[in-house]
Structures are given as structure tokens and as C-alpha cells.
Amino acid sequence: LFLDKEFFDIINNESLTSYFQPIIKISDDSIYGYETLIRGVKANGELMYPNELFEKSKRNDLNFKLDRLCRETSLKTAATKKVHQKVFINFIPTAIYDPEFCLASTEKWAKQLEFDPSQIVFEVIETELVKNQQHLKKILEFYRSKGYKIALDDVGEGYSSLNMLIELKPDIIKIDRNIIDGIDKNELKQSVYKALYNVAKEHGITVLAEGVETIYELETIKAIG
């Protein structure tokens, strides 16, 4: 308790804030949406980053509460900042045991803040930890029934993410940044990206390339699609 005092203060006071990272639409260089990046705010104003937040929440069995606070903070901040583009919100499937109950407050805030459900994209992270795919399907079916979009993170990172792609049929896939890094100099990475792009295109799935850092990487993925 003593070691995690700052974490408990953040949770009890709901001292979270969201940063917004733009997602660019390549065809016209417009902002397609924003990924919300959560931070805890300590009493002295310093930030606690997600890796530390979720490490402490896990060992104190507070993943459900923290995950819920993150979703709500993202929505409230987006409304305050008058974000009209798509808002990408991460969620941890293993923190949700009953979608109807666990996601009720998120749904309430989305309605209260007058968000168009189609503008909210719930992004599945830590897919390698999901053992029960039927449970995850149930969660995503709940979101979809309310009109929200689903994104799958880190696609191409391993077998589990490809298996998830087949099982979950998301609206958006985020190609893992390890595939994008140096793709202009690596023909094998180009082939993997091309295969994922073609599968997505064939099934009406939007492709998002993560971690594009150089003009050469950008030109390469633009050439592929």
C-alpha cells in the first residue's frame, strides 16, 4: 500500500488525463481520428505512464476500475476538446467480465456527451492475453450492437493477432510497427504488409500503419496501399 500510494491517489481522485495522437488519412492528409493516450496525474503534477499504471492496477486487482476510468476520461476529454473526428479508445478485454454491466458507464457517457457511436473506435489491446475468444466476441458484439467500431491492435506481431483477425473481423486493423519500421529496406516486410493489406481490402477492413517515422517508409506503404 505504501509503495503504491500515488497510484491509489490517482484512482481514488480519478486523476487521469488523455493526450491525443493524430491518425492521418493518406489520400488527402486530413486528420482521420485520434488515438487517446492515457496518463495518471500525481499530486505534484508529474505524470504516471500506462505501463506503471497497469502494472500497479494488476497487482492490486484494479484492472477493471482503471480500464473503465480510462475509457470515460478519453470520452470526456474528447468532448471538452471538441474532437469531431474518430476517437480511438484502448480497452483490455481481460478487464471486462460482463459486457452489459462493465460497459454500461462507458455507454452512458457516450450518450450523455452526444457522441455519434460510429465515431468511437474501441481498440482491442493485449490480444496475446486473451484465452477465451468467445468472451471477447461477446464484448465486441455488445459494442457493435450499439453502433461502435472495432479496431485490432498490433496485427502481424504474431500468430495470435492473425488468429484474432480471422475470428473477430474488425472494422480497422493496425499493422504492427515492427513491420513498418524500415519497411522501405526490407522486401520481406513489404510482402507481409502487402498480404495483410490485400486481406483487409478484400473484406472491407480499413488499414492503419503504426509508427511511420520516415518519408521512405511512408512512400513504400503508399505504393503498396
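# Helix packing and a few loop residues

Me: Which way does H9 cross H10, right-handed or left-handed?
Reply: H9 passes H10 in a right-handed crossing, and since you are new to this structure, please keep in mind that it is a predicted model.

Me: And at what angle do the axes of H9 and H10 cross?
Reply: The axes of H9, which covers residues 187-202, and H10, which covers residues 215-224, cross at roughly 45 degrees and come within 10 Å. That angle makes H9 oblique to H10.

Me: Which residues make that contact?
Reply: From H9 the contact takes Gln190, Tyr193, Lys194 and Tyr197, while H10 brings Thr220, Ile221 and Ile224 to it. Sorted by class, the residues of this contact of H9 with H10 come out as four nonpolar, two polar and one charged.

Me: Staying with H10, which of its residues are buried?
Reply: Glu217, Thr220 and Ile221 are buried in H10. Around the axis these residues cover an arc of only 90 degrees, which puts them on the same side of H10.

Me: What covers them?
Reply: The cover over the buried residues of H10 includes helix H8 (177-180), H9 and strand S8 (206-209). Just after H10 comes Gly225, which takes a positive phi of about 140 degrees.

Me: Let's go to the other end of the numbering. Which residues of H1 are buried?
Reply: In H1, made of residues 5-13, the buried residues are Phe7, Phe8, Ile10 and Ile11. If you look down the axis of H1, these buried residues fall within an arc of 160 degrees, so they line one face of the helix.

Me: What about the other side of H1, which residues are exposed there?
Reply: Asn12 and Asn13 are exposed on the other side of H1.

Me: And what covers the buried residues of H1?
Reply: Both strands and helices are included in that cover: strand S1 (16-25), strand S2 (30-41) and strand S3 (47-48), together with helix H2 (50-59) and helix H3 (63-80).

Me: How do H2 and H3 pack, what's the angle?
Reply: H2 and H3 pack at an angle of about 145 degrees, and their axes are 8 Å apart. Leu53, Phe54, Ser57 and Lys58 of H2 make the contact with Asn63, Leu66 and Cys70 of H3, and by class the contact of H2 with H3 has four nonpolar, two polar and one charged residues.

Me: Then H3 and H5, what's the angle there?
Reply: The angle between H3 and H5 (residues 104-112) is about 5 degrees, with the axes 9 Å apart. That makes H3 roughly parallel to H5.

Me: Who touches whom in the H3 and H5 contact?
Reply: On the side of H3 the contact is made by Arg68, Arg71, Glu72, Leu75 and Lys76, and on the side of H5 by Ser105, Thr106, Trp109 and Ala110. The residues of this contact of H3 with H5 divide into three nonpolar, two polar and four charged.

Me: New topic, the loops. What is the phi of Glu14?
Reply: Glu14 has a positive phi of about 55 degrees although it is not a glycine. You will find Glu14 in the loop between H1 and S1, and with a relative accessible area of 44% Glu14 is partly exposed.

Me: And Asp29, where is that?
Reply: Asp29 is in the loop between S1 and S2. The phi of Asp29 is near 60 degrees, again a positive value in a residue other than glycine, and at 60% relative accessibility Asp29 counts as exposed.

Me: Last one: Lys42, buried or exposed?
Reply: Lys42 is buried, with a relative accessible area of 15%, and its place is in the loop between S2 and S3.

Me: What is Lys42 in contact with?
Reply: Setting aside neighbours within four places in sequence, Lys42 is in contact with Glu6, Ile10, Leu47 and Met48. Among these, Ile10 is one of the buried residues of H1.

Methods
Residues are numbered from 1 along each chain as its sequence is written. This is a predicted model: local features need pLDDT of at least 70, side-chain atom pairs count only at pLDDT 80 or more; totals for chains, interfaces and linings use all residues. Side-chain values use heavy atoms; hydrogens and water are left out. Axes are lines fitted to C-alpha atoms, for helices over the stretch in contact, and angles run from 0 to 180 degrees between N-to-C directions. Helices (H or I, at least four residues) and strands (E, at least two) are DSSP runs, numbered from the N terminus. Angles under 35 degrees count as roughly parallel, over 145 as roughly antiparallel, 65 to 115 as roughly perpendicular and the rest as oblique. A crossing is left-handed if the near helix is turned anticlockwise from the far one by less than a right angle, and right-handed if clockwise. Contact means heavy atoms within 4.5 Å. Ala, Val, Leu, Ile, Met, Phe, Trp, Tyr, Cys and Pro count as nonpolar, Asp, Glu, Lys and Arg as charged, and the others, Gly among them, as polar. Buried means under 20% relative accessible area, exposed over 50%, partly exposed in between (1.4 Å probe, protein chains only). The arc is that of the directions from the helix axis to the C-beta atoms.
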